[in-house]
Amino acid sequence: MSTMLKITNLHATVAGKEILKGLNLELEAGEIHAIMGPNGAGKSTLGNILAGREGYEVTQGEVMFNGKNLLDLEPEERACEGVFMAFQYPVEIPGVNNTYFLRAALNAQRKYRGEEELDSVGFLRLVREKLEILHIGDELLHRAVNEGFSGGEKKRNEIFQMAVLEPTLAILDETDSGLDIDALKTVAEGVNRLRSKDRGMIVVTHYQRLLDYIVPDKVHVLADGRLVATGGADLALKLEEQGYAWLEDGGIATLNVESAAQTAKP
Amino acid sequence: MSGETSTIDKMVEQKYQHGFVTDIESETLPPGLSADVIRAISARKNEPEWLLEWRLKAYEHWLEMEQPDWAHLKIDPIDFQAISYFSAPKSDKDRPQSLDEVDPKLLETYDKLGVPLHERARLAGVAVDAVFDSVSVGTTFKAELKKAGVIFCSFSEAVQDHPELVQKYLGSVVPQRDNFFAALNCAVFTDGSFVFIPKGVRCPMELSTYFRINAAETGQFERTLIVAEEGSHVSYLEGCTAPMRDENQLHAAVVELVALDDADIKYSTVQNWYPGDENGLGGIYNFVTKRGDCRGARSRVSWTQVETGSSITWKYPSCILRGDDSVGEFYSVALTNNYQQADTGTKMIHIGRNTRSKIISKGISAGHGQNAYRGLVRVTPRAENARNYTQCDSMLIGKKCGAHTFPYIEVRNPSAKVEHEATTSRIGEDQLFYCLQRGISEEDAVSMIVDGFCKQVFKKLPMEFAVEAKALLEVSLEGAVG
């Protein structure tokens, strides 16, 4: 396996305020990493910086993605390189048909990669295929992008877009927020079906419950702009039990000992 | 006649006095407006006496009127004496002889719009008739209309060939003293279109100024009159997507529609006059009065407009819902970029019983553009059960533009039901980022979002027009973001 994403000493500010303070992270192809942490820790900031959103200023550090300096690329170039973000709050684009939108996106990416654009017949075939894999109906296809969608429909639509665009790196930003348990399961199942040895995923979440359904390879705890702990899936359970407050009460030290021990294993 | 001709001669001499030298055979009157100029225009067009009288009366009204200043527009003073009020169509000799002689910028725009090659020449005013056989196209088209009994010709021809129809309906919808610019048009109009659809006839094709060969040079004060007799239907398309590269110039047109019992008139406009440059220099003042009279019971007038051009637009295509059960509709997209200004909307005057009107207005402002919706819904005392629905949405692109909404609602009958919805949104950074994150470029994203915003109106345009309108928005928005 090779390192797909390498974040080194990342510092970033939003509106002059330092949010990330030296974050390091390595992700290998095929892995799913969960990033957990209290509100305001910088979880969403990390996702937005990787995707290239305006208003987030990187002051120090480096992000290498498949050998390229990700921070040098425009947001649309990052997307074309295979970075996908499933949004916490997918926006509505009234009057723009969902299928049309997705085809425009896919063809923009194909064009970037020097591949031939898909015509509507070819695209529809691909869409059917993906719907089947995800076990979802086609009722969202005929509507305008996210317009009038329920919370569950919006998140399902994000996963569907991800299935069609086949990204190399997917960032799922609080995909569980606002979902009831059934919707959560549907979305998680979709994500699991899109797991692949070539694809890395970063699952950003506040709650452990999503990780019952999407089992990560690694869990990172982000607090005060840094990853303060890294562990296996059980770390999430521990956090759930003890709460984030426990981190500040010296829990970090304990964890770091544990994770160091884990890393040391052959 | 000879007296009139000498007036022209005098004008021509006058031009020489002012030091103009030109070797094109001069059919352009020197700048200035007076009763003599109007007489000269009328004489040049060989008009009947009653029409000259009508023009002169309008001129007298105009002299007593003042240019309106209530619109949300900043208009530099217009020197009405500096305008030349008559310019005869160019002869083939004076036109560019091939596309090589046409402004390359113009051709570039056609290219972006996807206008077919043989159409480009015609749009650019190249003398193409012989080369591209457009005469035969025109002839086939005329024969088919004639068979159906439809009259579709230039206004001047109508004055000569159908004076009784022109006299009966001219000014019956927009009176001479309706407003300052309409009065001016009545006095000095040079040409335009005339359409007459006889009783019970469904016009066999979309009528368009695009196809009427001599429409390209109708000048800046044109007049359109469309009469739909009982039970007839017509769809009329005005303007084409070709930008006319004129310099700062006043364009004051009048359009009158008359719909008798059960008649249906659909009038679509795609307006793309020269908007001025990116600093706001030059461009057309597009001050147009358009009104449809639903004179008969169950008649319908539907306006659809896509306004992307002109430096200043001042127009309110309106419906007088006089007939019982008549219907008025207004679907509008108005876009202002750079320093363009638009004050546009509609008036729906409910007079008959059970009359219904619908207004869908989409304003888009980019750059330093200022866009105002101004609409009046009036329900008169005897208009039982009048219904109006108004939806008025504004979209802002960037932070230096403005959107304004001025709805006027006057209801004098308690059975009326009037609904007004309005929204203003900034093209979301969020929407834009969402598109970018999926790999769509910024330019494509903006045009996609704007297109979605306008969808309700585009749906009302005839198919091929809708495609062009969409392309036109894209061209007009170039460089609006980023």
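**Entry 1: where A meets B**

I started with the interface in this predicted model: 23 residues of chain A are in contact with 18 residues of chain B (contact means C-beta atoms, placed from the backbone, within 7 Å). On the chain A side, the elements giving two or more residues are α2 (75-80), β7 (93-97), α3 (98-112) and α5 (151-165). Helices here are DSSP runs of H or I with at least four residues, strands are E runs of at least two, and both are numbered from the N terminus. I noted that α3(A) gives the largest share, 5 residues. By type, the chain A side splits into 17 nonpolar, 3 polar and 3 charged. The model scores ipTM 0.92 and pTM 0.77.

Bookkeeping: residues run from 1 along each chain as its sequence is written, and chains are lettered from A and ligands numbered from 1 in the order written. Local features need pLDDT of at least 70 and side-chain atom pairs 80 or more, while totals for chains, interfaces and linings use all residues.

**Entry 2: chain A overall**

I counted 9 helices and 12 strands in chain A. Its C-alpha trace spans about 60 × 40 × 40 Å along the principal axes. Of the 266 residues, 42% count as buried. Buried means 20 or more other C-beta atoms within 10 Å of a residue's own, exposed means 12 or fewer, and partly exposed is in between; the C-beta atoms are placed from the backbone. Among chain A contacts with a separation of 6 or more, 72% join residues 24 or more positions apart.

**Entry 3: two positive phi values**

I looked up Ala15(A), with phi near 50°, in the loop between β1 (3-14) and β2 (17-28). Ala15(A) counts as exposed because it has 8 C-beta neighbours inside 10 Å. Asn146(A) also has a positive phi, about 60°, and sits in the loop between β8 (144-145) and α5 of chain A. Asn146(A) is buried, since 23 other C-beta atoms lie within 10 Å.

**Entry 4: a bent helix in chain B**

I checked α12(B), residues 442-458: its 17 residues reach 22 Å from first C-alpha to last, close to the expected 24 Å (1.5 Å times one less than the number of residues). The helix bends by about 40° at Gly452(B), the angle being between axes fitted to the seven residues ending there and the seven starting there. Gly452(B) is one of the buried residues of α12(B), which also include Met448(B) and Phe453(B).

**Entry 5: confidence**

I took pLDDT as the predictor's confidence in each residue, from 0 to 100. Chain A averages 87, with 92% of residues at 70 or above. Over residues 257-266 of chain A it is below 50, and that stretch has 6 contacts beyond near neighbours in sequence. Chain B averages 79, with 77% of residues scoring at least 70. Chain B confidence is lowest in α6 (129-132), at a mean of 31, and highest in strand β12 (318-321), at 97. Residues 210-219 of chain B stay under 50, with 19 contacts beyond four places in sequence.

Terms used
Contact = placed C-beta atoms within 7 Å. Nonpolar A, V, L, I, M, F, W, Y, C, P; charged D, E, K, R; others polar.
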